[in-house]
Amino acid sequence: MQTEIIKIEDLSRDAALIEKAGEVLRSGGLVAIPTETVYGLAANALDGEAVKKIFLAKGRPQDNPLIVHVADISQIPPLVKKMDERVYALAEKYWPGPLTVIMEKSAIIPDEVSAGLDTVAVRIPSNPVANAVIRAAGVPLAAPSANSSGKPSPTRASHVIEDMDGKIDMIIDAGKSEIGVESTVVTLAEGKPRLLRPGGITLEQLEDVLGETLVDKAVFSKLGGGEKASSPGMKYKHYAPKAEVTILKGSLESAAEFVNSLNEDSCVMCFDGESSRFNCRCIEYGAENDSLSQAEKIFDALRRVDETGCEKAYVRCPSANGVGLAVYNRLLRSAAFRVKNLESRMPVIGLTGQTGAGKTTVSAYLAEQGFYVIDTDILARKAVENKDVLLSLCEEFGNDILLPDGSLDRKKTAQRAFASKEKTKALNDITHPVITAMVHIELEKAQAQGAKGAVIDAAALLESPITQLCTVTASVMAPLEERLERIIKRDGITREQAMLRISAQYPDEYYKEKTDIIIENANNSDYKKDVARLIRLCCKGKDE
Ligand code: TXA
Ligand code: MG
């Protein structure tokens with residue numbers, strides 16, 4: 001398909017071109033239009049067949065609904081089941097402008113637009129060219145951002161040409177989008193208003209009109225596998241250059257020190273005037289204290305990352321206040337939520353205790369509180385799959401500790417290793433360095449996922465160098481009789497066997513003396529109270 005590219009410089013002079021765009025849209029074609037947020041890819045919103053072409057041109061997932069653009073509030077009532085009174089108050093302050101409102105839809109909205117939901121998103125753009133095109137078309141226009149799905153949204157006609165040339169009927173070039181990030185999306189369809197996507201209208205501005213407004217979980221965090229997205233667009237990988245993006249939290253000094261110490265092919269997205277501090281290619285994306293200037297440049301900068309050909313890009317972290325929330329939200333997605341905190345170390349809890357005391361129960365509870373759990377038992381099992389480790393173990397304990405398939409006979413090894421203190425130490429000397437290295441990798445993962453902290457669950461914590469990685473150490477404790485009962489039940493062993501295991505361990509005093517906090521986990525005590533104390537202690541002075 002031949003894409004016609006037209007340039008609009010003066011609306012009154014170029015009226016015939018706008019009329020032509022209107023005609024293309026009325027007859028079921030696709031036109032990329034400038035808006036004040038980003039460029040949109042428009043089709044007649046009431047024509048399901050025309051709307052289907054948008055999904056094809058963008059490669060957009062079918063379950064991601066589109067925003068319907070109108071020129072005037074009088075065009076909205078026919079699109080919705082019932083006009084929410086709050087829309088008038090919002091319109092008065094923020095329309096035309098970068099705000100999208102979701103309400104229950106009426107029957108004239110085709111399923112293609114709402115992607116099967118019973119709601120519709122509407123917005124009145126302020127860009128005069130967008131407004132003129134909607135009027136010329138004479139119908140509401142469904143328009144997502146005019147990029148290929150997954151790429152940064154287009155803020156210049158050249159970006160649209162990059163992604164859409166040959167795939168759509170027409171591109172209207174009317175210069176740069178002045179805001180630069182997509183509209184704020186708020187839903188009124190559930191009673192209490194909820195912010196689904198931050199944008200040019202800030203949360204504070206919404207609350208001025210709507211009162212308390214919830215912030216959808218997807219604004220800050222990656223949705224889990226089974227979780228349902230309120231705004232389907234938020235679940236996809238988004239705004240991503242080909243390079244792997246990482247956000248660097250912390251000062252300019254710490255970012256420069258980190259990047260300059262790397263020996264890899266990377267570039268940096270930094271604030272204006274910072275380029276000279278980095279020893280690699282830099283793309284400046286606005287002034288540090290000016291979220292509006294960052295919003296304006298963010299998508300262009302992300303596109304320019306690919307022009308450098310670098311495999312990795314590091315981005316100075318913006319403030320998340322006001323419009324900055326939209327900038328930070330887009331960056332989080334382009335970085336697949338990789339955030340490296342250079343300033344404050346993530347709190348790390350070392351969790352230990354005797355067998356049957358309930359370490360697993362406590363770490364599962366900490367996981368519910370946002371902690372990333374590192375189970376050293378699992379790591380130890382992986383460690384003995386390592387060839388070098390197996391070799392050293394054979395040297396120490398004899399070749400017959402291997403099973404016919406070459407893997408470790410764990411039972412036999414345990415018998416020999418726990419036969420004496422010296423043999424136990426020999427086992428630890430072989431396996432601990434490998435496990436410690438694996439713990440380091442897990443801690444990196446936890447940090448990258450933005451976990452509140454990490455918990456290292458390790459029976460031998462206090463005898464291993466892993467203790468040094470911990471901000472706080474804690475012992476889980478329970479009365480002897482209860483521990484006995486628990487392990488007899490858990491492992492299906494006799495009372496004598498259970499007794500033997502327990503007596504091979506360090507006594508209560510050892511744990512009390514060596515760890516910072518004791519978590520009482522007797523059957524009749526509330527371990528959660530002690531865990532709350534533990535969290536307070538390890539997160540002291542941290543604001544997240
Ligand atoms: O600024 C903007 O909003 C730009 C310009 C072109 O107007 N448009 C835009 O559209 O960003 P798009 O498709 O890239 O993003 C629309 C977002 C998606 O996250 C989508 O899931 C959400 O709005 N959305 C649309 N209809 C919805 C609905 N009924 N319920 C929940 N989310 C909806
Ligand atoms: Mg988009």
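Modeller: Happy to! Domain 1 and domain 2 bury about 1,600 Å² between them, and carbon and sulfur atoms give 54% of that area; buried area here is the accessible area (1.4 Å probe) that two parts lose on being put together, summed over both. On the domain 1 side, Pro152, Val181 and Pro198 lose the most area to domain 2, together 30% of what that side buries. The contact (heavy atoms within 4.5 Å) takes 28 residues from domain 1 and 15 residues from domain 2. Taken over C-alpha atoms, the centres of these two domains are 28 Å apart. Domain 1 covers 4-219, domain 2 covers 244-341 and domain 3 covers 348-540, with bounds from an automatic or database domain assignment.

Before we go on, a word on the basis: this is a predicted model, where local features need pLDDT of at least 70 and side-chain atom pairs count only at pLDDT 80 or more, while totals for chains, interfaces and linings use all residues. Side-chain values use heavy atoms, with hydrogens and water left out, residues are numbered from 1 along each chain as its sequence is written, and chains are lettered from A and ligands numbered from 1 in the order in which they are written.

Now to ligand 1. It is surrounded by 25 residues, the closest being Thr37, Asn64, His69, Ser183 and Gly233; a residue counts as near if one of its heavy atoms lies within 4 Å. Alone, ligand 1 exposes 680 Å², and the protein buries 97% of that (Shrake-Rupley method, 1.4 Å probe; for residues, only the protein chains shown count as cover).

Strand 4 (67-69), strand 6 (119-123) and strand 10 (194-197) each give two or more residues to this shell, and strand 6 gives the most, with three. Strands are DSSP runs (E, at least two residues), numbered from the N terminus.

Notes:
Helices (H or I, at least four residues) and strands (E, at least two) are DSSP runs, numbered from the N terminus.
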